[in-house]
Amino acid sequence: MAKVTVDGIVVEVPNGSNVLQACEAAGKEIPRFCYHERLSVAGNCRMCLVEIEKAPPKPFASCAYPVADGMVVHTDSPMVRKARRGVMEFLLINHPLDCPICDQGGECDLQDQAVGYGGDSSRYTENKRAVKDKNLGPLVKTVMTRCIQCTRCIRFATEIAGVPELGATARGESMEVGTYVEKALTSELSGNLIDICPVGALTSKPYAFVARPWELKKTDGIDALDAVGANIRIDSRGPEVLRILPRLNEDVNEEWLGDKSRFSVDGLKRRRLDACWVRRDGKLHKATWLEAFDAIAGKLHGLDGSRIGAVAGNLADAESMLALKELFSALGSENLDCRQDGAATDVSRRDFYTFNTSIAGIEDADALLLIGSNPRHEAPLINARIRKRTQAGKFPVGAIGPAAELTYPVEWLGDAPSVLAALLDGSHPFAKVLAAAKKPMIVLGQGALARPDGLSVLAAAWKLAGVVGALLPDWHGFNVLHTAAARVGALDLHFLPGPNGKPLPAMLGGGVDLLWLLGADEFDTTKIGANTFVVYQGHHGDAGAARADVILPGAAYTEKNGTYVNTEGRVQRSLLAVYPPGEAREDWKILRAFSERVGKTLPYDTIEALRARLEQVNPVFARIDILPRFGISDTTGPSGDPAGLGAAPFVPAVRNYYQTDPISRASPTMAECTATYRTALAVAAE
Amino acid sequence: MADAHADGDDLTQPTHFAFDAQSEAEIPGILAKYPPARQASAVIPLLYVVQKQMQRTTASRWVPRAAMDVVAARLGMAPIRVYEVATFYFMFNTRPVGKFHLQLCTTTPCWLRGSDEVVAACKKATGITQFGETSADGMFTMTEVECVGACVNAPILQVNDDFYEDMDAALTLELIEALRRSEIPAPGSMIGRQTSAPVGGPTTLLDSTPAE
């Protein structure tokens with residue numbers, strides 16, 4: 001530790017820290033443009049200048065100057081102020097004064113700091129430089145004349161996103177940041193460039209000229225478009241969600257967010273179900289809530305519990321799934337399922353279906369095996385964590401599945417389950433790599449579970465984890481990577497067929513007479529029996545609604561107070577940002593109201609009462625946000641025969657990252673991304 | 001000069017580039033100078049190899065984008081890292097140049113010694129109107145460069161790899177006419193002085209005799 005005095009405040013910081021970090025520790029704010037704590041140090045904006053005593057009498061760039069014991073730093077001396085004013089004047093020489101038409105206005109570092117260090121007028125009379133805008137694809141808008149060449153975007157693309165496509169070409173006044181060869185950035189994390197750009201050079205293309213930051217209501221939410229449970233801030237104005245930004249959570253998403261989660265917002269306004277619909281004479285007609293309820297109740301009347309079933313979709317919140325489950329229990333049905341993809345599960349223990357190492361735990365692992373998973377498309381933020389770990393060095397990554405570019409070096413072992421068997425009996429060389437590791441990790445994707453031999457794959461992967469020493473009292477290296485935000489919550493609630501219940505495939509083809517879909521769109525709805533009466537409760541007119549006999553308009557994830565459990569098993573709560581459109585209501589309220597209509601009133605009138613019931617059903621719901629790291633003592637495996645592996649090659653679960661759910665399918669931005677990156681996707685699929 | 005370093009969207013780039021036998025013979029010696037994990041350090045020498053090969057094969061010393069991609073692949077670098085280097089240094093031409101690349105130094109010492117005259121003579125002899133242009137016959141491209149490190153013999157006109165020193169308007173016209181006839185005069189001082197020795201002969205140690 002080094003003792004540093006900053007403006008008279010003595011702080012102790014670890015050796016190797018830089019002066020800027022010491023100043024932060026002392027509570028002094030240092031202006032900066034190029035420095036970013038998650039990126040390498042560039043030291044090129046010169047805004048963070050400070051004065052250091054007993055050093056050469058000049059200002060020092062604090063971000064690039066290491067601390068020394070006994071150092072005395074001044075952050076607000078006349079020399080510092082003068083130097084920073086000088087730097088600001090130089091930065092503003094070529095920066096246009098177009099704040100009134102700049103989307104960064106109001107949340108711009110340069111604007112904010114110009115208030116502190118900018119001059120009242122310009123001494124520069126020559127022409128300002130103009131730079132041609134670049135085309136970085138459908139998500140990031142560029143106004144390169146505003147660029148102050150901090151190189152944060154270059155470093156982000158190279159270091160965090162792992163797509164070294166941005167660079168600074170030419171030099172001096174001709175220097176430009178761009179891709180040189182014009183092309184869209186091939187990253188699922190490109191939206192983060194907008195956040196890290198300290199000026200308005202990189203802004204959001206879909207959000208261009210939509211709103212000013214001070215007009216927005218900011219609500220803390222949880223992303224529901226993949227199973228990472230990224231913490232988000234939902235910015236809304238009136239009844240509209242205008243944008244979604246990441247919120248800091250070191251354990252989950254750090255400060256990043258995937259492009260689908262960020263840019264699908266325009267899908268929240270399109271294809272919405274905002275009224276009840278009832279099918280009469282083969283056509284859907286608008287109806288009132290009471291008419292819709294009557295239609296369902298009429299159909300339910302006289303039906304045996306075994307002839308009705310319910311399916312929970314991938315975006316469902318835990319509250320509505322519990323209400324649906326209890327409603328169906330009251331109606332005498334055990335036909336429940338949440339696995340639209342048919343993934344094999346063993347819910348006898350929670351660690352058979354969660355990402356036990358935890359996302360932050362990836363950084364402690366020292367070897368990784370991916371089975372039937374492409375984390376770049378299934379969970380880009382987890383992929384970024386894996387990349388972060390690979391960057392730290394000595395992290396062999398092997399993968400069973402079709403080869404793909406994951407942004408870090410991967411040893412592709414083949415795509416057949418026989419590779420897994422060879423790893424198990426130790427005949428494959430990668431088995432030695434895993435065995436030599438102290439904290440190996442195995443990640444099982446949904447593509448490896450959603451197949452006829454899924455249970456065997458699950459058991460074999462668990463067995464392999466045991467063999468290579470991934471199941472230790474202080475280390476749990478067995479992980480299931482989910483793709484659906486609702487899945488772990490549904491499994492925690494046992495939203496699964498009861499002892500005599502039917503799984504989803506058995507409910508199709510006339511297996512039940514009434515099928516209740518809670519936002520379930522991800523299975524082939526044409527396989528539903530012709531005489532099955534379908535109730536679709538959800539927010540988007542997608543596959544499920546098209547087949548429905550009654551549509552009950554529900555709320556999207558931004559429109560309800562919901563509990564989501566991410567793939568790690570972390571329970572998080574999302575807050576209501578805007579109200580559901582039209583007649584739509586929060587989903588648990590719809591189920592509560594309907595239960596009363598059929599005389600099976602659910603025993604909760606408030607969300608608090610429902611949440612109390614959640615905790616009663618499964619105590620994990622009482623532990624919000626916190627997820628302690630855990631090891632494993634009982635290594636008994638899940639049911640399933642590890643030797644029963646089939647021969648079909650593994651195929652990752654997500655084919656098109658940009659369109660995986662009704663919201664992203666309704667989003668024009670995501671459609672544009674799909675079109676732009678189709679070639680890349682096609683290549684990856686081969 | 002900015003033109004010479006624009007990304008060349010208006011330019012038809014060759015779609016293909018491969019090192020020829022002569023270049024391939026040079027490369028191992030270059031790569032051997034750098035440790036295995038630091039092969040990226042060879043980017044500048046390799047870009048020179050490209051430029052020389054282009055001169056041999058097309059009579060135009062430049063680095064096409066396809067060649068930068070080949071260099072990137074050879075050195076295990078991201079292509080953008082090579083683009084950055086190639087566009088940063090004025091020694092690499094990212095668009096085609098004439099057979100003779102006239103690189104005129106106009107930095108202070110050359111300017112004080114009459115580089116403006118040399119520039120004017122180049123324009124007159126080649127018909128080029130401004131820096132970055134190529135003459136109508138495709139023989140000459142004139143670019144402005146920063147100090148080439150030969151200030152004692154200012155002003156300097158660098159033609160491809162060779163320095164022609166102590167230039168003035170008349171010598172420039174003469175040189176360009178010779179180049180046009182595909183005669184390459186011997187590089188060095190054009191007024192006959194020995195390397196950087198004083199103009200007009202020695203000025204010191206005149207009475208010294210060699211030690212016995």
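**Figure 1. Overall build of chain B in the predicted model.** Along its sequence, chain B runs through the pattern α-α-α-α-β-α-α-β-β-β-α-β. In total, chain B holds seven helices and five strands; helices (H or I, at least four residues) and strands (E, at least two) are DSSP runs, numbered from the N terminus. Its C-alpha atoms fill a box of roughly 60 × 50 × 30 Å, taken along the principal axes. This is a predicted model, in which local features need pLDDT of at least 70 and side-chain atom pairs count only at pLDDT 80 or more, while totals for chains, interfaces and linings use all residues. Residues are numbered from 1 along each chain as its sequence is written, chains are lettered from A and ligands numbered from 1 in the order in which they are written, and side-chain values use heavy atoms, with hydrogens and water left out.

**Figure 2. Packing of helices α1 and α2 in chain B.** Two packed helices are described by the angle between their axes and the distance between the axes. Helix α1(B) (residues 21-31) packs against α2(B) at an angle of about 165°, with the axes 10 Å apart; axes are lines fitted to C-alpha atoms, for helices over the stretch in contact, and angles run from 0 to 180 degrees between N-to-C directions. The two helices are therefore roughly antiparallel (angles under 35 degrees count as roughly parallel, over 145 as roughly antiparallel, 65 to 115 as roughly perpendicular and the rest as oblique). Their crossing is right-handed, a term used if the near helix is turned clockwise from the far one by less than a right angle. On the α1(B) side, the contact (heavy atoms within 4.5 Å) is made by Gln22(B), Ser23(B), Glu26(B), Ile27(B) and Ile30(B). On the α2(B) side, Pro45(B), Leu46(B), Val49(B), Lys52(B), Gln53(B) and Arg56(B) take part. By class, the contact has five nonpolar, three polar and three charged residues; Ala, Val, Leu, Ile, Met, Phe, Trp, Tyr, Cys and Pro count as nonpolar, Asp, Glu, Lys and Arg as charged, and the others, Gly among them, as polar.

**Figure 3. Packing of helices α2 and α3 in chain B.** Helix α2(B) (residues 43-58) meets α3(B) (residues 65-75) at an angle of about 140°, and the axes are 10 Å apart. The pair is therefore oblique, and the crossing is right-handed. Val43(B), Leu46(B), Leu47(B) and Val50(B) of α2(B) form the contact with Ala67(B), Val71(B), Arg74(B) and Leu75(B) of α3(B). These residues divide into seven nonpolar, no polar and one charged.

**Figure 4. Crossing of helices α7 and α18 in chain A.** The axes of α7(A) (residues 289-300) and α18(A) (residues 587-597) come within 10 Å and cross at roughly 55°. That angle makes α7(A) oblique to α18(A). Trp289(A), Phe293(A), Asp294(A), Ile296(A), Ala297(A) and Leu300(A) in α7(A) meet Ile590(A), Ala593(A), Phe594(A) and Arg597(A) in α18(A). The contact comprises eight nonpolar, no polar and two charged residues.

**Figure 5. A salt bridge between Asp513(A) and Arg307(A).** The side chains of Asp513(A) and Arg307(A) meet in a salt bridge (3.0 Å, N to O), defined as a side-chain nitrogen of Lys or Arg within 4 Å of a carboxyl oxygen of Asp or Glu. Asp513(A) lies in the loop between α16 (504-507) and β24 (514-518) of chain A and Arg307(A) in the loop between α7 and β15 (308-312) of chain A, so the pair ties together parts that are 206 residues apart in sequence.
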